[in-house]
Amino acid sequence: MSITYTVLTLFPGIIDAYFSASVMARAVERGIVRYRAVNIRDFAPDKHRTCDDAPYGGGPGMLMLPEPLGRALEAAGVPGRPGKAGSSTGELAQAPEGADPPAGGRRVIYLSPSGRPFNQEMAEDLAACGELVLLCGRYEGIDQRIIDLYIDQEVSLGDYVLSSGEAAALVIVDATYRLVDQVITRESLEEESFSRGLLEYPQYTRPEVYAMIKVPEILLSGHHENIRRWRLRKQIEKTLAVRPDLIRRGEETGLFDAETGKIIEELRQEHE
Ligand code: SAH
């Protein structure tokens, strides 16, 4: 299994730097990850290579011009959807739930605060695509017609405004490539935060005593079953304290096994 990232950006250097370091660099070397950074400015039609202009109707700031974006997308092999231009809301372009392209297909994403919020579930869905095309906005964003014509999905990192889509695109890249087979071991993925609807348990490494704080005794006991139970309890304590919404969701969707459900109840009672 492998994944291809095509990142459309005005600043390809930001993207190159990320793909040439650490675990990612090794994944690229091994051919598990392929990537291309497409410089949108190379597709500006005028001699000044202009990529932005003022918005129609007034308002602050500049918008990215549709022409360079459209040409860059076409050059990257993304076909437009003629006839869908003109939707003023972008709803047409937003892939309806359940109507996504088949696994292994290409997904064209615009990073935007107006998109659906990114989470682990979405990361898993996107990691199963053969290619992710990530369009990075700058300034006040991009011309709506590009969204209507080319974008399958608008994705937001959260309820805050970044100044660049590059930072957001790299988060999507980082959260997805590690889910592709062989990049990271199965066990580490199964143990980590969100994997079973809970946050991660606290972890310790050497030395046994640091700043006069000792590693919890149970972790030194070698008793695997006790360690497993202790970790599960810690996960639930932490999740109840900082993300009660995750506990509620897990309960509503029947995600938790009987053991987890029992500990949640115990902790709630202790709290009262
Ligand atoms: N005027 C826009 C914000 C533009 S910010 C608005 O009010 O919605 C410039 C670029 O940063 C955007 O085009 C987008 O690509 C990126 N960006 C900003 N916030 C983001 C977020 N929360 N998630 C994903 N991308 C974001």
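A polar contact is a pair of N or O atoms within 3.5 Å; within protein, one must be able to donate a hydrogen and the other to accept it, and residues adjacent in sequence count only if both atoms are side-chain atoms. The legends describe a predicted model, in which local features need pLDDT of at least 70 and side-chain atom pairs count only at pLDDT 80 or more, while totals for chains, interfaces and linings use all residues. Residues are numbered from 1 along each chain as its sequence is written, and side-chain values use heavy atoms, with hydrogens and water left out.

**Figure 1. Side-chain pairing of D152 and R81.** The side chains of D152 and R81 are joined by a polar contact of 3.3 Å. D152 belongs to the loop between α5 (144-150) and β7 (153-156); here helices (H or I, at least four residues) and strands (E, at least two) are DSSP runs, numbered from the N terminus. With a relative accessible area of 14%, D152 is buried. Buried means under 20% relative accessible area, exposed over 50%, and partly exposed in between, with a 1.4 Å probe and protein chains only.

Figure 2. Of the 20 residues around the ligand, Y110, L111, E140, Y160 and L162 come nearest; a residue is near a molecule or strand if one of its heavy atoms lies within 4 Å of it. Y110 places a polar side-chain atom 2.7 Å from an oxygen atom of the ligand. From the backbone, an N or O atom of G137 lies 3.0 Å from a ligand oxygen atom, and an N or O atom of G165 lies 3.5 Å from a ligand oxygen atom. On its own the ligand has 560 Å² of accessible area, of which the protein covers 86%. Accessible areas come from the Shrake-Rupley method with a 1.4 Å probe; for residues, only the protein chains shown count as cover.

**Figure 3. The two assigned domains.** The protein chain is divided into domain 1 (3-184) and domain 2 (196-271), with bounds that come from an automatic or database domain assignment. A separation of 37 Å lies between the C-alpha centres of domain 1 and domain 2.

Figure 4. The peptide bond from R206 to P207 is cis, with omega near 0°. P207 is found in the loop between α7 (186-191) and β8 (209-210). In the loop between β8 and β9 (213-214) lies A211, a residue other than glycine whose phi is positive, near 50°. M212 is also placed in the loop between β8 and β9, and its phi is near 65°, again positive in a residue other than glycine. A211 is exposed at 56% relative accessibility, and M212 is exposed at 80%.

Figure 5. Helix α8 (residues 224-242) has 19 residues and spans 27 Å from its first C-alpha to its last, close to the expected 27 Å; the expected span is 1.5 Å times one less than the number of residues. Its buried residues include I227, W230, L232, Q235, I236 and T239. Among the elements that cover the buried residues of α8 are α9 (244-252) and α10 (258-271). I218, in the loop between β9 and α8, is partly exposed at 25% relative accessibility. Not counting residues up to four places away in sequence, I218 touches N226, I227 and W230, where contact means heavy atoms within 4.5 Å. The C-alpha atoms of I218 and R228, 10 residues apart along the chain, are 10.0 Å apart.
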